Amino acid sequence: MMSEDNGRWALVTGASTGIGYHLAICCAEDGYNLLVCADEDQIKQAAEDFRERGTRVEAIRADLATESGVADLYRVARHRDIHLLVANAGIGLGDAFLDEDLLEAQRVIDTNVSGTLSLIHKIGHDMRQRSSGRILITGSIAGFMPGSFQAVYNGTKAFLDSFAFALGNELKQTGVTVTCLMPGPTDTPFFERAGLEDTKIGAGDKDDPAEVAKTAYKAMMDGRASVVTGFMNKVRVAFSDIIPEPTLAEMHRRMAEPGSAPD
Ligand SMILES: NC(=O)c1ccc[n+]([C@@H]2O[C@H](COP(=O)([O-])OP(=O)(O)OC[C@H]3O[C@@H](n4cnc5c(N)ncnc54)[C@H](OP(=O)(O)O)[C@@H]3O)[C@@H](O)[C@H]2O)c1
């Protein structure tokens, strides 16, 4: 499907693969120019795919775990009319916390939390000044569960889930909306990159990233505060409200402990 350029830009982080790749396609098919960003070279190939949809695309390679990477991206973004900000870039890390490399664990926080906040702070100012804009933040249903063997990752997603609702409230009546996307396990390179392939969650059934992206895009354009994708994930979130945290942590252990994948 190809749409006409509506002169507005969508900035999508983490657009090289997975959910972000498909979110970028949703933006392109809705007529937005694309400013896309990821840390590695694959963003260039993704940009070619997006261009084939007839949209204008600029691709930036920047490490959004660093303040200088965010600044590099913003240097380009500030000259564009960014109407949609899809703050999606994120990484996981599996293993027991004390067995993880601390620097790797800190990089999860730097990418998922610090980089995301820094970018939203910059673009959010521009949007508020213009009295218009939509922000989508990729949190996770993982934010509702203490994530044994993924403790830092789940903590970052708990932060983002909470932050998104709070920011959305602060911005009400400004013309800027904030939507928190909370997917469950989705079929992307995330699990391999996080070293979770030998876990039950890594080996289990997953949602289609294209479907997750379509649902998320609609929720963002409708200005909804949040969206949990998939029926079973809605059930998981409902149960997380009533199950005590130590039990949730034990349930997470069964899904994420190294070697928990069925033979
Ligand atoms: N898959 C799931 O089950 C699941 C469930 C809930 C939430 N999520 C969230 O969904 C988001 C997208 O993940 P995904 O599942 O689509 O995984 P993915 O395919 O691994 O995508 C992650 C994207 O983030 C980018 N990225 C990572 N670190 C970056 C950095 N420092 N600077 C710039 N870009 C960076 C990656 O690009 P590079 O490769 O170039 O670094 C890639 O484009 C993440 O926030 C993740 O936490 C995923």
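Where does Thr-174 sit? You will find Thr-174 in the loop between H5 and E6. Keep in mind as you explore that this is a predicted model.

- Setting aside neighbours within four places in sequence, Thr-174 is in contact with Arg-128, Ser-131 and Ser-132.

**Helix H1**
- Helix H1 covers residues 18-29, and its 12 residues should span 16 Å at 1.5 Å a residue; the C-alpha atoms at its ends are 17 Å apart, which agrees.
- This helix is mostly covered, with 10 of its 12 residues buried.
- Among the buried residues of H1 are Ile-19, Tyr-21, Leu-23 and Ile-25, along with Cys-26 and Cys-27.
- Just after H1 comes Gly-31, which takes a positive phi of about 95°.

**The nonpolar cores**
- The largest nonpolar core has 33 residues, and those touching the most other members are Leu-11, Leu-35, Leu-73, Ile-82, Leu-85, Ile-123 and Ile-135.
- Strands that give two or more residues to this core are E1 (9-13), E2 (33-38), E4 (82-87), E5 (133-138) and E6 (176-182).
- Helices H3 (67-77), H4 and H5 (151-170) also give two or more residues each.
- The most comes from H3, which gives five residues to this core.
- A second, separate core has 31 residues, including Ala-10, Ala-46, Val-86 and Ala-216.

**The cavity**
- How do we look for empty space inside a protein? Rolling a probe the size of a water molecule over the atoms shows where empty space is left.
- Searching the whole structure turns up one cavity of 30 Å³ or more.
- The largest cavity has a volume of about 40 Å³.
- Its lining is made by Thr-13, Leu-64, Ala-89, Thr-111, Gly-115, Thr-116 and Leu-119.
- Helix H4 (residues 102-130) provides the largest share of that lining, four residues.
- Sorted by class, the lining of the largest cavity has three nonpolar and four polar residues, with no charged ones.

How values were computed:
Residues are numbered from 1 along each chain as its sequence is written. This is a predicted model: local features need pLDDT of at least 70, side-chain atom pairs count only at pLDDT 80 or more; totals for chains, interfaces and linings use all residues. Side-chain values use heavy atoms; hydrogens and water are left out. On a 1 Å grid over the protein atoms alone, a cavity is a set of points where a 1.4 Å probe fits but cannot get out, and a pocket is an open set with protein on both sides within 12 Å along at least five of seven lines; lining residues have an atom within 4 Å of a point. Grid points are joined across faces, edges and corners, and a volume is the space filled by probe spheres set on the points. Ala, Val, Leu, Ile, Met, Phe, Trp, Tyr, Cys and Pro count as nonpolar, Asp, Glu, Lys and Arg as charged, and the others, Gly among them, as polar. A nonpolar core is a set of buried Ala, Val, Leu, Ile, Met, Phe, Trp, Tyr and Cys residues joined through side-chain atoms within 4.5 Å. Buried means under 20% relative accessible area, exposed over 50%, partly exposed in between (1.4 Å probe, protein chains only). The expected span of a helix is 1.5 Å times one less than its number of residues. Contact means heavy atoms within 4.5 Å.
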